[in-house]
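I opened a new notebook page for this structure. My notes follow in the order I looked things up.

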Amino acid sequence: MTALADDEPARRLRAMLEPHLEVAAFHLHGGTPCKLRVQAEGQPVVRIDIGEGRALDGPLGPRVTEAVAAAAAVLVSDYGRGVTRHAAVRPLLQEAAGAAPVVWDPHPRGELPVPGTHLLTPNENELTRLADENGSEIAGCGLSAAGHRGRFLAEAWGLEAVAVTLGERGALLCHGPATPFLAPAEPASPGDTCGAGDSFAARATQVLAEGGPLTSAVDEGVREASDFVGAGAATGVAARFAESKPPNPGPARGEDAWAAVDRTRRSGGTVVATGGCFDLLHAGHVNLFHQARRLGDCLVVCVNSDASVRRRKGPERPVTPAADRVRVLRALADVDAAVVFDDDTPGPLLERLRPDVWVKGADYAGTPLPEAEVVRSYGGEVVLLPFLEGRSTTRLLSTTKGIGS
């Protein structure tokens with residue numbers, strides 16, 4: 001549903017869309033906007049915008065009203081052209097928010113989301129601008145600042161959740177007092193990313209329309225956006241219709257945790273940390289380390305000592321002594337350093353280590369993390385990452401005992 005002018009660009013757009021979906025349009029005053037993007041060797045160089053049409057108040061037509069009222073979910077992609085300000089559209093969206101999930105993709109010249117909006121999907125720059133304009137005094141950048149701003153905006157506007165798209169890092173879901181959930185993106189070749197945010201929002205809306213939870217919507221949205229970019233993004237779509245800064249190398253291998261953190265901080269990088277027993281290393285651990293390392297420039301793994309593991313797991317654990325566990329962890333490409341702690345929780349160690357981001361698996365969702373308060377006290381952020389179902393040391397050990405008996 002949109003506003004279209006009676007001109008050649010609008011007719012061309014209809015011709016491209018109508019084989020795939022129904023276009024329910026009302027009148028656009030002025031020319032249909034066209035964006036000409038110039039690239040050099042696959043990299044965008046400049047964009048030339050033509051057409052300053054705007055949607056002014058007026059009749060919508062019955063099909064527009066019916067389409068919104070019957071929708072299982074509504075995605076509002078606001079491009080600041082007046083559609084969300086239209087006197088007849090806004091009440092429609094407000095009614096929709098009371099009956100179905102509404103996902104709102106904001107624009108600098110657009111409108112505030114209607115009350116009851118299920119999910120706001122700004123990118124990092126949009127989030128900063130929106131938070132600042134609404135009285136936020138949150139400073140800084142990066143994952144921690146994005147989490148604080150996302151929670152601030154959700155509370156200020158009465159939103160159920162905010163999903164901040166972070167480009168190649170994925171998307172961060174902030175919903176109420178719950179620990180933020182990070183859905184990491186798969187690595188993609190550098191190139192055109194135009195339309196990735198739209199692809200993310202569309203897939204997230206589809207998952208919510210099917211009754212999926214917010215975490216699944218964000219995770220699936222990131223995967224869809226990654227696939228879209230990998231297929232050539234907007235350039236790939238056009239082809240089908242026609243037929244930063246360099247990464248920080250991180251600390252040198254073999255450094256201890258304190259040297260790794262110091263080196264990373266001096267170079268202006270981001271320190272990420274995670275922790276656990278890691279008694280028998282399995283695919284779930286490796287997946288967690290791989291995702292966590294991509295959030296920053298250094299990954300430090302905090303390892304429970306043998307005595308700490310015994311207090312947590314019982315007298316038969318650990319199977320592997322701490323020295324061997326650390327040696328295995330340090331051999332992994334994604335782990336820059338490992339450090340052993342003897343307390344029941346990593347809190348005291350984190351007070352000294354002070355990582356920018358503390359990572360745990362999503363199996364901790366809904367479980368209070370005693371160390372979270374420590375991390376947030378100095379301005380760090382706690383995030384949960386997706387985990388591989390069915391992988392756990394306890395399950396491996398029980399399976400092994402069953403085979404031996």
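**Confidence first**

pLDDT is the predictor's confidence in each residue, from 0 to 100. I then looked at residues 244-254, where the pLDDT is below 50. Beyond near neighbours in sequence, this stretch has 20 contacts in the model; a contact means heavy atoms within 4.5 Å. Over residues 400-405 the pLDDT also stays under 50, and the model has one contact there beyond four places in sequence. Where pLDDT is low, the predicted coordinates should not be read in detail.

I noted the ground rules. This is a predicted model, in which local features need pLDDT of at least 70 and side-chain atom pairs count only at pLDDT 80 or more, while totals for chains, interfaces and linings use all residues. Residues are numbered from 1 along each chain as its sequence is written, and side-chain values use heavy atoms, with hydrogens and water left out.

**Overall**

I read off 15 helices and 15 strands in the protein chain. These are DSSP runs numbered from the N terminus: helices are H or I with at least four residues, strands E with at least two. The C-alpha trace spans about 75 × 50 × 45 Å along its principal axes. Of the 405 residues, 45% are buried. Buried means under 20% relative accessible area, exposed over 50%, and partly exposed in between (1.4 Å probe, protein chains only).

**Helices α6 and α7**

I turned to α6 (residues 196-209) and α7 (residues 214-230). They pack at an angle of about 140°, with axes 7 Å apart. Axes are lines fitted to C-alpha atoms, for helices over the stretch in contact, and angles run from 0 to 180 degrees between N-to-C directions. Which residues meet? From α6 I listed Phe-200 and Leu-208, among others; from α7, Val-222 and Phe-228 are among them. By class, the contact has twelve nonpolar, three polar and three charged residues. Ala, Val, Leu, Ile, Met, Phe, Trp, Tyr, Cys and Pro count as nonpolar, Asp, Glu, Lys and Arg as charged, and the others, Gly among them, as polar.

I also looked up Gly-230, which is found in α7. Gly-230 counts as exposed because its relative accessible area is 60%.

**Strand β15**

I found five of five residues buried in β15 (residues 381-385). Glu-381, Val-383 and Leu-385 point one way, Val-382 and Leu-384 the other. β14 (residues 357-361) pairs with β15 in the parallel sense over five bridges; pairing takes at least two DSSP bridges. Val-357 stands opposite Glu-381.
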